[in-house]
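Reader: I'm new to this and would like to learn how to read a protein model. Can we go through one together, step by step?

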Amino acid sequence: MKEMICICCPMGCRLTVDDSDINNVKVSGNTCPRGEKYGKEEVVCPKRMVTSVVRVRGGNVAMLSVKTKEAIEKSKIFDALATLKGVVVDAPVNIGDTVVSDVLGTGVDFIATKNVAAK
Amino acid sequence: MSVKNLIIIGGGPAGLAAAKSAYDAGERDILILEREDKLGGILNQCIHNGFGLHTFKEELTGPEYAARYVDEVLKRGIEYKLGTTVLSIDKNRRVTCANEKDGLLVYDAKAIILACGCRERPRGAINIAGCRAAGIFSAGTAQKLINIDGYMPGKEVVILGSGDIGLIMARRMTFQGAKVKAVVELMPYSSGLNRNIVQCLKDFDIPLLFSHTVVEIKGKGRVSSVVIAEVDKNLNPIKGTEQEIKCDTLLLSVGLLPENELSKMADVKLSPVTGGAVVDDDMMTETDGIFACGNVLHVHDLVDFVSEESEWAGARAAAYIKGEKTGGECVGIEATDGVRYVVPQFAHREGEGTLKLKMRVGNVFRNVRLCVNCDGEDVYSKKCMIVTPGEMETITLNEKQTRALKNCKKAVVCLKAVEK
């Protein structure tokens, strides 16, 4: 049994998710079908986008913002962030450029979210 | 002294969207004045995702969202000046500004769009007792230090205020290795989005204490702890509920204030509720030829709505310059019964089309109808399972409803209970 707040809309329904059988997860407390879908995803395989910054060399700013190209498993957030430690990127950088490829073997890259021109 | 048709003050999301749409409405003599050395405004430091779901139907980070609008402005060859601070504007639309390269610049503009955004409410505005040690930052300042400058402001953190920036910074500090000990919220509810409460606090087991506040800051040189206490329903701290939390950093996320220092110089009438200008349905203030949009007008929840509002303001400013302004008498639109404010506050009686009204409520209400009432008759009514102060509500009146509003003596936006 897990308690959670649905994030699909401002209602913030308090969901109770019965995950005793992971193949037959039961959601209660939801007001609409979106809540049921959310509740199931959150116990089966919760995923999050991860955003952070890395240093940039020779650019017109000090830091480059990055994100995971897709959401990754929530349990891997901190390990994913650790792969950014010490990473320095040379300017120029364009939005979408790969910063760290295949983070933790997930197949998901960290990509740049800012255009940084060379100084 | 030079002459410009349209001067836009601020190169953030509001200014960029206004410039784009003024250009697309046929205006070519546009100048954007931006204080920072980059276009994009505050979005440049909002590196988290969740922007653009309405505008682009995808989730972007702040810098990505800004870049889309910067591209639109560059593609059109719209002139802009960076590192340029506007020193004054007056009601005759004379703009005085300065930068390192040009020195002092003076322009006479046919129209001005105020797109200067908002700023954070500082410590001084909330009267927390205690020392003046280092380690007290507004949440936005901490965000800039980490995301733009690459400095970490502290290791053990307490955050006062559960607005979205405070919540986002709780996660951000955690990602960078800090321990966020608590988020303390004066009100019994959060003004932040549910999504942020879940994904920024609950995901990392950060406690959120409602009806609590910081009553004292301790420390010599650097913050060493804060004392928090529960508050009663009049928001006064309850004696005996104090607890001390050891920390080296206190972040304040206690509200945003539209930045209207320039507006005041031009005699722009401000609303005591929104802190922004009073505007008509063209987004024009009561000072002729001066328009306002985005967070300088009223604090928005989503940037998508800033862009939308600003595109409208840009188009109407372009029409004004061409002499196509909507003239004549206006009808006032009031906010009552749970609705704290509505923007625009006035609509011209002349003119056809639809009308967008944006508003915020003053408390959390469940099972209500949001109504636009004209001379005692509801011309629009929407059932809401919940409305909260943290979320801006938008109503779009169709042509018939707009006509009814324009023709009435008294228009009111209000909440009504749903009859069982």
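Author: Two strands pair if DSSP finds at least two bridges between them. Helices (H or I, at least four residues) and strands (E, at least two) are DSSP runs, numbered from the N terminus. This is a predicted model, where local features need pLDDT of at least 70, side-chain atom pairs count only at pLDDT 80 or more, and totals for chains, interfaces and linings use all residues. Residues are numbered from 1 along each chain as its sequence is written, while chains are lettered from A and ligands numbered from 1 in the order in which they are written.

Reader: How many bridges join S24(B) to S27(B)?

Author: Strands of a sheet pair through backbone hydrogen bonds, either parallel or antiparallel. Here, strand S24 (residues 355-361) of chain B is antiparallel to S27(B), and five bridges join them. Take B:Lys356: its bridge partner in S27(B) is B:Thr396.

Reader: Which strands form the open sheet, and in what order?

Author: Three strands do, in the order S22-S24-S27 (chain B), with antiparallel pairing. Strand S22 (339-343) and strand S27 (393-397) of chain B are at the edges with a single partner strand each, so one side of each has no neighbour in the sheet. On average, neighbouring strands of this sheet are turned by 25° against each other, direction ignored.

Reader: And helices? At what angle do H1(B) and H2(B) pack?

Author: Two packed helices are described by the angle between their axes and the distance between the axes. Axes are lines fitted to C-alpha atoms, for helices over the stretch in contact, and angles run from 0 to 180 degrees between N-to-C directions. Helix H1 (residues 13-24) and helix H2 (residues 62-75) of chain B pack at about 35°, their axes 9 Å apart.

Reader: Which residues of the two helices meet?

Author: Contact is about C-beta atoms, placed from the backbone: they must lie within 7 Å. From H1(B), B:Pro13, B:Leu16, B:Ala17, B:Ala19 and B:Lys20 meet B:Ala66, B:Tyr69, B:Val70, B:Glu72 and B:Val73 in H2(B).

Reader: How many residues of chain B are in contact with chain A?

Author: Chain B has 21 residues in contact with 22 residues of chain A. The elements giving two or more residues to chain B's side are H2, helix H3 (139-149), helix H5 (194-201) and strand S26 (377-387) of chain B. H5(B) gives the most, with four residues.
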